[in-house]
Structures are given as C-alpha cells and as structure tokens.
Amino acid sequence: MALPLFQVDAFTDRPFAGNPAAVCLLDRPRPTHWMQQVAAEMNLSETAFVLPRHDGWELRWFTPTVEVDLCGHATLASAHVLWETGRLVPDQTARFHTRSGLLTATRRDAWIELDFPRMTPEAIAPPAGLAEALGVAPRQVARVPLGYLVELKSAAQVRQLQPERERLRALGVEGVIVTSRGDDAPYQIVSRFFAPAIGIDEDPVTGAAHCALGPYWSARLHTHELLAYQASARGGVVRVRLDGERVRLAGQAVTVLRGTLVDDVPA
C-alpha cells in the first residue's frame, strides 16, 4: 500500500510562503535509516513521519541529514494534515509523542496552536568566531538548546544579514537565532535562523526557535504575548504566548502538494 505524502507550507496563510514541510503518514513502524533517506529525497528543512498509536500519534522529524529533537513547523503541518484528511475531527486535540515528550496541537479558528516546551536563554559572552561568522557585532548573546540566540541592534541588520555558512558550521552548535525588536507593525520581534550544521543553511520559519525567543523578548518587552515575524526570503508569522513552563505557538498552514510514496522502495 502506498503511503500518503503531503507538502504543507507552515506559519503562513498562502502557498509558497512560510516553511514547507513534508508529512508522511505511516501504516507501521519504519527503520530510522529509511526515514532519513526519505527526508533526504524530500530535501526540505524537515520531513515529519506520523504513526498512529492508541493514545495519539508518534511523530519524528528529519532534516535532509539528521533526526532532530524538536520541530515546530513540521508539527504544525502534521496536525494540519490530520484534520484536513479527517483522521482527526475539527475539535479534537492532536496528541504527538516525540523525543521532546508529549506535544499537542489545537485548532483556534483559522490558526493552529502548539503546546511546546519553554527554552530559557542563558546570557553568555560572545563565543569566539561568532561575530566573524555573522559579519556583525552582537548586541547580546545567550545560550539556548538550539545553539546561540543573538540580539542585533536593529531589524535592518537582521534582514540584511549574510552570514558565512562554513564559519557558522565551525561554531559546533546546532544553529544560530538572530533577532531584534520589530520595525514593521504589528510585529514586535523579528528573527532568522541558520543551521548549516544540520543541513539547513537558513530555515524559513522556525517554531522551535520561538520557544526561546518568547521568554527572551517577554522579559524585555514586559508582555506574555508576542507577534513575531521570521524574515527569511519566504517569511512567516508566529503568535507566541508564554504559559508557565510551556510556550504556545500559533500559526496557519496551507497544503500545496498531495501524493503517495511508493511502498515497494526497500526499507
């Protein structure tokens, strides 16, 4: 039996914007190496594999080169596909069992809200090589589970940044979030995310990064709710709401491709 395969643009309300993710609906467990090969074939920043279980869905995410512990846009895309295909009814909560624990998604009108773990940034001195890799001097730097969070002095710097990929890779972290206060209403913050070490030169819209951006900017802007814009070439919008030790991330999604993965490819 062929496996349903979708491509969904996440954190956007229109096709060909936001962050594209592939979503593969599995009928049985598959080997890790096979899922990695499929993700390399899809060649998107993330491919999600969704397997039904008695109390929800098992969810795993792969870049073209590695499996990752947390991914926002491919979780959003997976929930979108489950509702769109009728595997979940509109008022059902999507329950995903992942390497980051139980994650849930709920529908809020045209938006999907994700319940994700909070990441608390820890201020550090700028590490050696970071400024050279970015080509600009950081205003502040923090350590986060994804790597480094770097505040720049202006949104213009964030938008115009052209980091050196190989120097970023040499930093020895998964990725680098760059951010500043927003310069374009209604967005309070702007960001970009670079992760060449895991096969993603620049991620178009990164849900997981906002698990750290939310706490970082909440402390500076004195608010628990933020509207964020990720200023990649495709661009995307994330609603961020702090909720104790969790971060609620909301976005929209659009399916742009429906097909099947041939099931007689050796696993």
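What follows is a chat about strands, a surface patch and aromatic pairs.

Q: What kind of model is this, and what cut-offs apply?
A: It's a predicted model, where local features need pLDDT of at least 70, side-chain atom pairs count only at pLDDT 80 or more, and totals for chains, interfaces and linings use all residues. Residues are numbered from 1 along each chain as its sequence is written, and side-chain values use heavy atoms, with hydrogens and water left out.

Q: Which sense does β3 take with β2?
A: Parallel: β2 (residues 19-25) and β3 pair over five bridges, where pairing takes at least two DSSP bridges between the strands. One of the contacts is Val-23, whose bridge partner in β3 is Ala-48.

Q: What do β2 and β3 make together with helix α1?
A: With α1 (residues 32-42), they make a right-handed β-α-β unit. Right-handed means that, with the strands pointing away from the viewer, the path from the first strand over the helix to the second runs clockwise.

Q: And how many bridges join β3 to β4?
A: Seven, and β3 and β4 (residues 56-62) run antiparallel. A hairpin of two residues connects β3 to β4. Pro-52 has Trp-57 in β4 as its bridge partner.

Q: Which residue in β6 does Trp-57 partner?
A: Phe-96 is the bridge partner of Trp-57 in β6. β4 and β6 pair in the parallel sense over two bridges.

Q: Why call β6 largely enclosed?
A: Because four of the five residues of β6 (residues 94-98) are buried.

Q: What about β6 with β7?
A: β6 and β7 (residues 101-108) pair in the antiparallel sense over five bridges. There are two residues between β6 and β7 in their hairpin, and His-97 stands opposite Leu-102 in β7.

Q: Switching topic: which residues make the nonpolar surface patch?
A: Phe-16, Val-256 and Leu-257, with about 300 Å² between them. Patch residues have over 30% relative accessible area and no salt bridge; like charges are joined within 9 Å, and nonpolar side chains (Val, Leu, Ile, Met, Phe, Trp, Tyr) within 5 Å. A salt bridge is a side-chain nitrogen of Lys or Arg within 4 Å of a carboxyl oxygen of Asp or Glu. Leu-257 lies in strand β18 (residues 253-261) and is partly exposed, at a relative accessible area of 43%.

Q: Now the rings. How many aromatic pairs?
A: Four. Rings of Phe, Tyr and Trp (its six-membered ring) pair if their centres lie within 6.5 Å; planes under 30 degrees apart are stacked, over 60 edge-to-face, and the rest tilted. The Tyr-187 and Tyr-229 rings have centres 5.2 Å apart and planes at 35 degrees, so that pair is tilted.

Q: Where do Tyr-187 and Tyr-229 sit?
A: Tyr-187 is in the loop between β12 (175-181) and β13 (189-195), and Tyr-229 is in strand β15 (residues 225-230), 42 residues apart. Tyr-187 is partly exposed at 22% relative accessibility, and Tyr-229 is partly exposed at 21%.

Q: What about Tyr-216 and Trp-217?
A: Their centres are 5.3 Å apart with planes at 85 degrees, so they're edge-to-face. Both Tyr-216 and Trp-217 are buried.

Q: Which residues form a ring cluster?
A: Trp-34, Phe-49 and Phe-62, linked by ring pairs.

How values were computed. Buried < 20%, exposed > 50% of the residue type's maximum accessible area, 1.4 Å probe, protein only. Areas by Shrake-Rupley, 256 points an atom, 1.4 Å probe, with all protein chains shown as cover.
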